[in-house]
Amino acid sequence: MTTVYTITFVLLAVAGLLTLVRALAGPTNLDRIVALDVLVILIVAGVTVEIGMRNEGWNIALVAVVALLGFLGSLTAARLVERRGTTR
């Protein structure tokens with residue numbers, strides 16, 4: 001089972017690096033906002049895999065709160081960009 005967790009962490013790390021590249025080189029602010037939202041989702045997924053690996057469920061509510069805050073943050077940032085009318 002350790003092999004599965006290792007492969008999962010490696011895939012999440014590769015996805016995180018690609019998302020970070022997209023966040024830094026995104027042509028518009030909306031691309032950067034989406035990339036940061038995906039980065040938050042990847043962090044939540046990594047923590048969730050860690051919870052499954054350790055077989056501890058005491059902090060699952062914290063993971064849910066972080067995911068919700070990440071979603072609300074990206075929603076607010078997208079609304080702000082929409083109101084300003086500029087995407088660059």
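Guide: Welcome! Helices here are DSSP runs of H or I with at least four residues, strands are runs of E with at least two, and both are numbered from the N terminus. This is a predicted model, in which local features need pLDDT of at least 70, side-chain atom pairs count only at pLDDT 80 or more, and totals for chains, interfaces and linings use all residues. Residues are numbered from 1 along each chain as its sequence is written, and side-chain values use heavy atoms, leaving out hydrogens and water.

Visitor: How many helices and strands does the chain have?

Guide: The chain has three helices and zero strands, giving the pattern α-α-α along the sequence. Its radius of gyration (taken over C-alpha atoms) is 15 Å, well over the 12 Å that the globule rule (2.2 Å times the number of residues to the power 0.38) gives for 88 residues, so the chain is more spread out than a compact globule. Along the principal axes, the C-alpha atoms fill a box of roughly 50 × 25 × 10 Å.

Visitor: What percentage of the residues of the chain count as buried?

Guide: Buried means under 20% relative accessible area, exposed over 50%, and partly exposed in between, using a 1.4 Å probe and protein chains only. Of the 88 residues, 23% are buried.

Visitor: Where does Thr28 lie, and is it buried or exposed?

Guide: Thr28 sits in the loop between α1 (2-25) and α2 (29-54). With a relative accessible area of 18%, Thr28 is buried. Its side chain makes a polar contact of 3.2 Å with that of Asp31. Such a contact is a pair of N or O atoms within 3.5 Å; within protein, one must be able to donate a hydrogen and the other to accept it, and residues adjacent in sequence count only if both atoms are side-chain atoms.

Visitor: Which residues does Val40 touch?

Guide: Contact means heavy atoms within 4.5 Å. Leaving aside residues up to four places away in sequence, Val40 touches Val66 and Gly70. Val40 belongs to helix α2 and is partly exposed, at 25% relative accessibility. For the chain, 57% of contacts between residues at least 6 apart in sequence join residues at least 24 apart.

Visitor: What is the phi of Asn55?

Guide: Most residues other than glycine have a negative phi. Asn55 has a positive phi of about 60°, although it is not a glycine. You will find Asn55 in the loop between α2 and α3 (60-84), where it is exposed, with a relative accessible area of 72%.
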